[in-house]
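Please keep the sequence and the model side by side while reading the numbered points.

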Amino acid sequence: MTAEPGTRARLSPRKKQRISRAVQYVVLLAILVGVVLYADWASLAENFAKLDVAEKALPELFTVALRNTIIYAVGGFLFSFVLGLILALMRLSTVRPYRWISGLYIEIFRGLPALLIFLLITFLPLALPGFAVPGGTYGQGILGLGLVGAAYQAEVFRAGLQAVPKGQTEAARSLGMSAFRSQVTVVIPQAIRIVIPPTTNQFVALLKDSSLVLFLGVSGEYVELAKFGNDLASQYANATPIMVSGLTYLLVTIPLGHLTTRLEKRKVRAR
C-alpha cells in the first residue's frame, strides 16, 4: 500500500529537540577540542600560573589586599544602605521637594560612570580648600562606593517599601501610631526583609567595584585586590598576580552569589 501524495513522515517535536541538542553538543565539543589543540599551554602556565610568582603575593594577598577590599566594600555598603533608605523614603514622600531631590540624586548617580565619581573625589581638596574626607584613604573609598551604591539601593528599597501591603500601615495607624512610628516599626522592617536578596547582590556589586579605589592613587597599606595584583604583575612582568587576585575575588563572590540564590528561592517558597 503506497502513501498518499503529499503525505510524508514528519519528525515529532521531541525528536527535533533531540537532534538540535545533539548538534549543539557536537559543535561545543569541536570548539573545546580546537581550543585545547590551539592553546600554547606551556606559555599560558608561564605567564598566568607561575607558582613562584604566586608565592610572592603571600601573605599580603590576604592580610592587606583582601582585608582592604572587604573594608572598602563593607563600609561602602553600610553607607549606601543608610543613604539609600533615606532616599527611598524621600522618593515616596508626599512632600514634593523631597521627591525632586531624591529623584535628581538617583538619576545623576545612576547615570554617571562610577569611575568618574572616584576621580571627582580626588579633586575635592582642590574644590574645597581645607576639607578632608574623614577616614583618609579608607574614607574616600567608602564615600565613592557609598555615593554610587546608594542610588541603586534607593530603588531597591523603594520597591520593597511599595511591596508592603498598605493594610499594615492602616492597622498600625488604627492602633494609634503616628505616621513616622508606623514607618519605622512596621513598614521599614518588613521592607528590609523583602529586599534582602537584591541587597546581597548589591553588596557583591560593591565588592567588585571596590577595584575602582585604585584610581584614588592608593598605595602601600591601602591597596585592594586589583591594585595589589596589578602592582605585583608590573614588578615581575607576569600576569600571575592578577590571576591570583581574580581567584581571591571569586572566593568571596561565588559563595555570596549562591547565598543570594538560596535567599531568592526561600522568598519564592514563602509566597
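1. A salt bridge is taken here as a side-chain nitrogen of Lys or Arg within 4 Å of a carboxyl oxygen of Asp or Glu. The model is a predicted one, in which local features need pLDDT of at least 70 and side-chain atom pairs count only at pLDDT 80 or more, while totals for chains, interfaces and linings use all residues. Residues are numbered from 1 along each chain as its sequence is written, and side-chain values use heavy atoms, with hydrogens and water left out.

2. By the salt-bridge rule, the count comes to 5. One of them joins the side chains of E155 and R91, with an N to O distance of 3.3 Å. Because E155 belongs to helix 8 and R91 to helix 4 (residues 60-91), this pair ties together parts that are 64 residues apart in sequence. Helices here are DSSP runs of H or I with at least four residues, numbered from the N terminus. R91 is partly exposed, at a relative accessible area of 25%, where buried means under 20%, exposed over 50% and partly exposed in between (1.4 Å probe, protein chains only).

3. Two further pairs deserve a look. The side chains of K50 and E46 meet in a salt bridge at 3.1 Å, N to O; K50 is partly exposed with a relative accessible area of 27%, and E46 is partly exposed as well, at 41%. The side chains of D231 and K227 form another salt bridge, at 3.3 Å from N to O. Both D231 and K227 lie in helix 12, 4 residues apart, which is about one turn of the helix, and D231 is partly exposed, with a relative accessible area of 32%.

4. Which side chain of opposite charge is nearest to E224, a buried residue that has no salt bridge? It is K227, at 7.5 Å, where Lys and Arg count as positive and Asp and Glu as negative, with His and the chain ends not counted. E224 sits in the loop between helix 11 (196-209) and helix 12 (225-236). The side chain of E224 does reach the backbone nitrogen of A226, at 2.8 Å.

5. The largest pocket has a volume of about 400 Å³. The volume is the space filled by probe spheres set on the points, which are joined across faces, edges and corners. The lining of the largest pocket has 14 residues, and L89, L92, T169, Q183 and V187 are the ones nearest its centre. Two or more lining residues come from each of helix 8 (136-163), helix 9 (166-174) and helix 10 (179-194), and helix 10 gives the most, with 6 residues.

6. By residue type, the lining of the largest pocket divides into 10 nonpolar, 3 polar and 1 charged. In this grouping Ala, Val, Leu, Ile, Met, Phe, Trp, Tyr, Cys and Pro are nonpolar, Asp, Glu, Lys and Arg are charged, and the others, Gly among them, are polar.

7. The backbone has two places to check. Most residues other than glycine have a negative phi, and most peptide bonds are trans. The peptide bond from L58 to P59 is cis, with omega near -5 degrees, and P59 is found in the loop between helix 3 (51-55) and helix 4. A237, which is not a glycine, has a positive phi of about 50 degrees; A237 lies in the loop between helix 12 and helix 13 (240-270) and is exposed, with a relative accessible area of 68%.

8. L207, in helix 11, counts as buried at 2% relative accessibility, and L207 and A73, 134 residues apart in sequence, are 4.9 Å apart in space, C-alpha to C-alpha. V64, in helix 4, counts as buried at 18%, and its C-alpha atom is separated by 8.9 Å from that of G220, 156 residues away along the chain.

Conventions: On a 1 Å grid over the protein atoms alone, a cavity is a set of points where a 1.4 Å probe fits but cannot get out, and a pocket is an open set with protein on both sides within 12 Å along at least five of seven lines; lining residues have an atom within 4 Å of a point. A polar contact is a pair of N or O atoms within 3.5 Å; within protein, one must be able to donate a hydrogen and the other to accept it, and residues adjacent in sequence count only if both atoms are side-chain atoms.
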